[in-house]
Amino acid sequence: MFVLEISFIGWLFLGMLCCGIGILFVSPYIDITMTHLYLKLKEIHGIDQPELPPIPEIL
C-alpha cells in the first residue's frame with residue numbers, strides 16, 4: 001500500500017503545477033484505486049458483509 005501511495009506523487013506534483021486545479025482530476029483516480037485495493041484485500045482475506053435483517057414494513 002505504501003508503494004501504491006508513493007506512485008501518486010508524480011500525479012499530485014503535476015496537479016499542483018497547474019495551480020492546484022489538476023488535483024481535482026487526480027483525486028478521484030486515487031480514491032478509485034484505493035477502493036479497488038480495499039475490495040481486493042477483502043476478497044483475499046474472505047471478509048464478507050453480514051446479512052442485513054429485513055426492513056419491517058411501516059403501514
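**Confidence and overall form**

The mean pLDDT of the chain is 87, and 97% of the residues score at least 70. pLDDT is the predictor's confidence in each residue, on a scale from 0 to 100. So, ground rules, because this is a predicted model: local features need pLDDT of at least 70, side-chain atom pairs count only at pLDDT 80 or more, and totals for chains, interfaces and linings use all residues. Residues are numbered from 1 along each chain as its sequence is written, and side-chain values use heavy atoms, with hydrogens and water left out.

Now the layout. The chain has three helices and zero strands. Read from the N terminus, the order is α-α-α. Helices here are DSSP runs of H or I with at least four residues, strands are runs of E with at least two, and numbering starts at the N terminus. Confidence is highest in helix α1, residues 2-6, at a mean of 94. It is lowest in α2, at 90.

How does the radius of gyration compare with that of a compact globule? The chain has 18 Å, whereas a compact globule of 59 residues would be near 10 Å. That radius is taken over C-alpha atoms, and the globule rule is 2.2 Å times the number of residues to the power 0.38. Along the principal axes, the C-alpha atoms fill a box of roughly 55 × 35 × 10 Å.

**Surface**

Buried residues are 14% of the 59 in the chain. Buried means under 20% relative accessible area, exposed means over 50%, and partly exposed is in between, with a 1.4 Å probe and protein chains only. The accessible surface totals about 5,600 Å², and carbon and sulfur atoms hold 73% of that. Those areas come from the Shrake-Rupley method with a 1.4 Å probe; for residues, only the protein chains shown count as cover.

Which residues make the nonpolar surface patch? They are W11, F13, L14, L17 and Y29, and the patch covers about 590 Å². Patch members need over 30% relative accessible area and no salt bridge; like charges are joined within 9 Å, and nonpolar side chains (Val, Leu, Ile, Met, Phe, Trp, Tyr) within 5 Å. Helix α2, residues 9-17, gives the largest share, four residues. W11 sits in that helix. At 48% relative accessible area, W11 is partly exposed.

Next, C19. This residue is in the loop between α2 and α3. Phi of C19 is near 60°, a positive value in a residue other than glycine. C19 counts as exposed, because its relative accessibility is 74%. From C19 to L37 is 18 residues in sequence and 29 Å in space, C-alpha to C-alpha.

I23 belongs to helix α3, residues 23-45. What does I23 contact beyond its neighbours within four places in sequence? The partners are L12, G15, M16 and P28. Contact means heavy atoms within 4.5 Å. I23 is partly exposed, with a relative accessible area of 28%. I23 and I55 are 32 residues apart in sequence, and their C-alpha atoms are 41 Å apart.

**Further along α3**

K42: buried or exposed? K42 is buried, because its relative accessible area is 18%. This lysine is also in helix α3. Setting aside residues up to four places away in sequence, K42 touches I47 and Q49.

I44 is exposed, at 58% relative accessibility. I44 and F25 are 19 residues apart in sequence and 30 Å apart in space, C-alpha to C-alpha.

**The salt bridge**

Last item. Side chains of opposite charge can pair when their charged atoms come close. How many salt bridges does a search of the whole structure find? One. A salt bridge is a side-chain nitrogen of Lys or Arg within 4 Å of a carboxyl oxygen of Asp or Glu. E43 pairs with K40 in a salt bridge, and the closest N and O atoms are 3.5 Å apart. The two are three residues apart in helix α3, so about one helical turn separates E43 and K40. E43 is exposed, with a relative accessible area of 57%. K40 counts as partly exposed, at 44%.

That's the tour. Questions, please.
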